[in-house]
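Hi everyone, thanks for coming.

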Amino acid sequence: MKPFAYERATDPQAAATLVADSTETVYLAGGTNLVDLMKLGVTEPTMLVDITQLPYDTIEHRPDGGVLIGALVSGSRLAGDPGVRERFPALAESLLSGASGQLRTVATTGGNLLQRTRCVYFQDVTKPCNKRQPETGCSAIQGLHRDLAVLGTSDFCVASHPSDMAVAMAALDAVVHLRRANGSPRAVPLNDFYLLPGDTPDRETVLQPGDLITGVELPPPPEGAAMFYRKVRDRWSYAFAVVSVAAVAATDADGTLREIRLGLGGVGTRPWRARETERLLLGRQPTEETLREAARAEFASARPLPQNAFKIDLAVDVVTSAVRDLVGGQRR
């Protein structure tokens with residue numbers, strides 16, 4: 001057990017100052033991932049700054065139909081919010097498909113965005129891992145990689161991002177609100193918030209020392225849109241996605257797609273927005289053939305490994321069925 005100090009922050013500036021001044025000081029909210037990593041020795045902070053008393057625990061529904069979700073709102077509260085369930089059902093479904101009821105009660109929105117990969121080599125301090133310890137190598141490339149990413153990977157890292165909620169938020173054009181260490185605000189689109197691993201997989205987001213997530217804003221959903229979250233996993237509950245899709249679609253009366261947004265989980269090093277698939281489908285009346293062609297086009301730059309190459313065909317099936325079901329449901 002490595003000793004560490006504990007401080008309960010009473011205001012955002014005090015918290016930011018503590019974290020900005022030391023690379024070994026970290027924020028603590030729900031702690032559902034951080035505490036596990038501390039037990040494994042993956043991370044060894046010298047101080048935890050408890051931010052649970054800060055004023056970021058509200059869900060603010062906007063008159064235009066958007067919503068601002070405080071960073072400290074728990075997963076269970078967000079999934080059960082009536083306004084979220086009505087206007088953003090894909091988000092509620094993604095939360096309910098992840099973790100367990102007990103964890104959702106404790107885990108926070110901000111913490112969910114920042115959870116770390118479940119790659120077994122990242123969690124095993126006896127194995128080389130560039131994400132945990134830069135320039136030591138990636139054990140997964142020649143080792144166990146069945147559950148890891150095929151999109152956004154590099155020769156330095158193939159770890160997949162574990163969050164379900166972030167996949168839904170990517171499809172919903174979420175914007176992450178930050179408080180910088182100097183107190184200034186910053187808003188970052190979720191799809192720009194995460195970094196590709198490249199040759200620095202230890203850097204996962206645009207956050208700078210002392211930056212604090214204060215909330216996540218969702219703009220109003222497209223008029224007349226239907227949406228849902230579909231997750232394929234090895235068991236029904238308490239399992240990470242092999243492949244998942246958050247799909248948002250709106251059609252004209254003749255079935256032409258006037259809005260299509262797709263977020264993919266389980267296949268990318270970050271929550272993956274399927275921009276190429278969206279581009280190929282927008283303004284078309286999708287058929288089985290065009291859906292499959294568009295879904296497969298997203299994987300033109302994929303770098304599958306022997307154990308996870310199956311994810312491409314599986315993702316094509318999941319995306320195709322998701323869009324087909326959404327469009328079919330709107331036209332009935």
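Let's start with salt bridges: how many are there? The count comes to 23 salt bridges, where a salt bridge is a side-chain nitrogen of Lys or Arg within 4 Å of a carboxyl oxygen of Asp or Glu. Do keep in mind that this is a predicted model, in which local features need pLDDT of at least 70 and side-chain atom pairs count only at pLDDT 80 or more, while totals for chains, interfaces and linings use all residues. Residues are numbered from 1 along each chain as its sequence is written, and side-chain values use heavy atoms, with hydrogens and water left out.

Now, one of these pairs is R146 with D234, whose closest N and O atoms are 2.7 Å apart. R146 sits in the loop between α9 and α10 (165–171), and D234 in the loop between β9 (226–232) and β10 (243–251), so this pair ties together parts 88 residues apart in sequence. Helices here are DSSP runs (H or I, at least four residues), as are strands (E, at least two), numbered from the N terminus.

Are these two buried or exposed? R146 is partly exposed at 31% relative accessible area, and D234 is exposed at 54%. For those words, buried means under 20% relative accessible area, exposed over 50%, and partly exposed in between, with a 1.4 Å probe and protein chains only.

Next, E278 and R273 form a salt bridge at 2.6 Å, N to O. E278 is buried, at 8%, and R273 is buried as well, at 9%.

Then there is R292 with D317, at 2.7 Å between the closest N and O atoms. R292 belongs to helix α13 (residues 288–297) and D317 to helix α14 (residues 310–331), so the pair ties together parts that are 25 residues apart in sequence. R292 is partly exposed at 32%, and D317 is partly exposed at 36%. Through shared partners, salt bridges join R230, E288, R292, D317, R324 and D325 into one network.

Finally, a quick look at domains. The chain divides into domain 1 (5–53), domain 2 (59–114 + 164–218) and domain 3 (226–328), with bounds from an automatic or database domain assignment. The C-alpha centres of domain 1 and domain 3 lie 36 Å apart.

That's my tour, and I'm happy to take questions.
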